[in-house]
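Please look over the sequence and the model below first.

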Amino acid sequence: MTTHAADTAEPIGPQRQALEDDLVATVVASFDGTADPRLRQVMQSLTRHLHAFIRDVRLTEEEWNTAIEFLTAVGHITDDRRQEFVLLSDVLGASMQTIAVNNRAHKGATDATVFGPFFVDDAPEIPLGGDIAGGASGQPCWVEGTVTDTDGNPVAGARIEVWECDEDGFYDVQYTDDRIAGRAHLFTDDTGRYRFWGLTPVPYPIPHDGPVGKMLDAVGRSPVRASHLHFMVTAENLRTLVTHIFVDGDPQIEIGDSVFGVKESLIKEFSVRAPGTPTPDGRDLGDRTWARTRFDIVLAPAGV
Ligand SMILES: [Fe+2]
């Protein structure tokens with residue numbers, strides 16, 4: 001990609017400014033007849049910002065071509081198991097900004113963070129205390145907590161989706177054998193409590209063998225994410241929460257998370273237990289170490 005702006009040596013005179021302004025105004029006006037007012041607002045704002053960007057960097061035609069080729073490549077690599085557009089949104093911070101805009105802090109409700117590209121529908125159901133690993137390798141980790149509303153009432157029957165990578169840093173969908181591992185859903189009990197066995201999260205690089213990875217390379221950015229365990233919690237009349245928990249002490253939190261997802265309130269202690277330490281449910285882990293953590297979830301009311 002060229003790094004030379006178009007016509008940088010030439011000042012942009014008033015006549016040229018006026019021509020460029022006219023084009024923006026014409027394109028914005030072309031959406032005036034949009035029946036849906038929200039669609040009209042979005043398209044007109046998009047037009048203004050896109051043109052402002054092109055004018056700001058004085059985009060060259062070669063750079064425009066590169067951008068088209070890049071977006072085409074992002075589309076070509078995307079399928080039902082790989083979502084390069086979500087990845088692109090994530091590394092540009094657009095996902096976190098959308099979350100910030102849409103999730104006004106509400107009376108102690110749990111913070112949201114990025115959804116990421118690895119959620120899949122129809123993960124298996126496990127009973128309370130069940131194991132989400134499904135054969136995924138890693139240090140067993142007991143995860144427990146409660147789901148309440150912002151008044152502290154327990155939420156019975158809340159659906160909790162959890163998903164994470166294995167100890168090699170790969171989600172099941174990144175393997176080619178159709179395995180389902182490191183993901184499941186479960187429901188809170190009558191007192192709003194939940195518990196399950198997962199794996200102690202490890203740092204992993206977002207998929208960087210595609211166009212988004214090439215972009216990160218070009219700008220010298222690391223693809224590595226801070227260690228985390230994904231949650232999506234849904235319950236009637238309450239706002240759906242999409243979030244992760246992060247591992248206190250993970251050096252990657254200081255180094256930086258490649259998708260800007262870390263929030264202080266979501267960093268949890270994962271305490272590691274020596275082999276032979278009795279487990280909460282009596283599970284025999286032989287000579288393996290294991291960890292435990294607690295994540296109490298507070299859901300905001302729906303529609304706020
Ligand atoms: Fe993830």
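The sections that follow treat the metal site, the neighbouring strands and the cavity.

The model is predicted, so local features need pLDDT of at least 70 and side-chain atom pairs count only at pLDDT 80 or more, while totals for chains, interfaces and linings use all residues. Residues are numbered from 1 along each chain as its sequence is written, and side-chain values use heavy atoms, with hydrogens and water left out.

**Iron site**

The iron ion has the protein donors Y171 (OH), Y204 (OH), H228 (NE2) and H230 (NE2), lying 2.0 to 2.1 Å from it. Donors are N, O and S atoms within 2.8 Å of the metal (3.2 Å for Na, K and Ca); water is not among the atoms, so sites may look incomplete. Along the chain, the spacing of these donors is Y-x32-Y-x23-H-x1-H. Y171 belongs to the loop between β2 (159–163) and β3 (183–187) and H228 to strand β7 (residues 228–234), so this pair ties together parts that are 57 residues apart in sequence. Both Y171 and H228 are buried, that is, under 20% relative accessible area with a 1.4 Å probe and protein chains only. The 4 donor atoms subtend angles of 91 to 162 degrees around the iron ion, which makes the arrangement irregular.

Strands are DSSP runs (E, at least two residues) numbered from the N terminus, and two of them pair if DSSP finds at least two bridges between them.

| Strand pair | Sense | Bridges | Residues standing opposite |
|---|---|---|---|
| β7 and β8 | antiparallel | 6 bridges | H230 and H244 |
| β8 and β9 | parallel | 2 bridges | F246 and I267 |

β7 and β8 form a hairpin with 6 residues between them, and N237 in the turn has a positive phi of about 65 degrees. F231 is placed in strand β7 and, at 0% relative accessibility, counts as buried. In strand β8 (residues 241–247), 7 of its 7 residues are buried. L241, T243, I245 and V247 point one way from β8, whereas V242, H244 and F246 point the other way.

**Cavity**

The structure holds 1 cavity of 30 Å³ or more. The residues lining the largest cavity are D90, G116, P117, Y204, I206, R225, H230 and V259. On a 1 Å grid over the protein atoms alone, a cavity is a set of points where a 1.4 Å probe fits but cannot get out, and lining residues have an atom within 4 Å of a point. The volume of the largest cavity is about 30 Å³, taken as the space filled by probe spheres set on the points.

Technical notes:
1 Å grid on protein atoms, 1.4 Å probe; cavity = no way out; pocket = protein on both sides within 12 Å on 5 of 7 lines; lining within 4 Å. Tetrahedral: all angles 85-135°; square planar, octahedral: opposite > 155°, others 65-115°. Helix = DSSP H or I, 4+ residues; strand = E, 2+ residues; numbered from the N terminus. Buried < 20%, exposed > 50% of the residue type's maximum accessible area, 1.4 Å probe, protein only.
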